[in-house]
Amino acid sequence: MDYIRKMVKSLIAGYVITLLMLGLLTYFMRKFILDEKAVDNIIFGIYVAGSFTGAMLSAWMIKKRRVVTGIIYGAVYITVLLVIATIMKKQAPDSSNNIAMSVAACVAAGAFGGFFSP
């Protein structure tokens, strides 16, 4: 039960970090003119960064099987994001290629976050 509580705390922290970075992106979108491709790439990078930092925090708090913890964190992180996106759009996300790339990147970032945790 302690494992789940620590994982949920780190997920909340990861989503807060993601929201702060998305807010910063919104500011830059208003300040500068960014094309859609650049915004999509930045959002992808934000998801990877959120997964990495949250997995570092999760592995640091749990202190067991850090890489596995990071992989689990990355998988749960992107799954929740995809479920929220599906609910918000009321349809499945558009490209399965982009979804597979996002899932793979977030799981890999989670594994690296777990590996590099203090």
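**Figure 1. Helices α1 and α2 make a right-handed crossing.** A crossing is right-handed if the near helix is turned clockwise from the far one by less than a right angle, and left-handed if anticlockwise. The model is predicted: local features need pLDDT of at least 70, side-chain atom pairs count only at pLDDT 80 or more, and totals for chains, interfaces and linings use all residues. Residues are numbered from 1 along each chain as its sequence is written, and side-chain values use heavy atoms, without hydrogens and water. Helix α1 covers residues 2-31 and helix α2 covers residues 36-62. Helices (H or I, at least four residues) and strands (E, at least two) are DSSP runs, numbered from the N terminus. The axes of α1 and α2 come within 8 Å and cross at roughly 150°. That angle makes α1 roughly antiparallel to α2. The contact of α1 with α2 is made up of 17 nonpolar, 7 polar and 2 charged residues. Nonpolar covers Ala, Val, Leu, Ile, Met, Phe, Trp, Tyr, Cys and Pro; charged covers Asp, Glu, Lys and Arg; the others, Gly among them, are polar. Axes are lines fitted to C-alpha atoms, for helices over the stretch in contact, and angles run from 0 to 180 degrees between N-to-C directions. Under 35 degrees counts as roughly parallel, over 145 as roughly antiparallel, 65 to 115 as roughly perpendicular, and the rest as oblique.

Figure 2. The expected span is 1.5 Å times one less than the number of residues. Which residues of α2 are buried? They are V39, I46, G50, S51, G54, A55, S58, A59 and I62. Buried means under 20% relative accessible area, exposed over 50%, and partly exposed in between (1.4 Å probe, protein chains only). G54 lies in α2 and counts as buried because its relative accessibility is 1%. I62, also placed in α2, is buried with a relative accessible area of 11%.

**Figure 3. The loop between α2 and α3 holds K63 and R65.** Most residues other than glycine have a negative phi. R65 is not a glycine either, yet has a positive phi of about 45°. Is R65 buried or exposed? R65 is exposed, with a relative accessible area of 70%.

**Figure 4. Helices α2 and α3 pack at an angle of about 135°.** Their axes are 8 Å apart. The two helices are therefore oblique to each other. α2 passes α3 in a right-handed crossing. How far apart in space are G54 and G74? The C-alpha atoms of G54 and G74 are 8.3 Å apart, across 20 residues of sequence. I62 and L82 are also 20 residues apart in sequence, but their C-alpha atoms are 25 Å apart.

**Figure 5. Helix α3 spans residues 66-89.** At 1.5 Å a residue, its 24 residues should span 34 Å, and the end C-alpha atoms are 34 Å apart, which agrees. The buried residues of α3 are T69, G70, Y73, G74, Y77, I78 and L81. In an α-helix, residues three or four places apart point the same way, because there are 3.6 residues a turn. T79 is placed in α3 and, at 44% relative accessibility, counts as partly exposed. T79 and V103 are 24 residues apart in sequence; their C-alpha atoms lie 7.9 Å apart in space.

**Figure 6. Helices α1 and α3 cross at roughly 55°.** Their axes come within 11 Å. This makes α1 oblique to α3. The crossing of α1 and α3 is right-handed.

**Figure 7. Segments from the UniProt record.** An unreviewed UniProt entry lists residues 12-30, 42-60, 67-87 and 99-117 under "transmembrane region". The positions are given in the numbering used here, feature names are shortened, and annotations may be inferred rather than shown by experiment. In the model, residues 12-30 are 100% helix and 0% strand, with end C-alpha atoms 27 Å apart. Residues 99-117 are 89% helix and 0% strand. The end C-alpha atoms of residues 99-117 are 26 Å apart.
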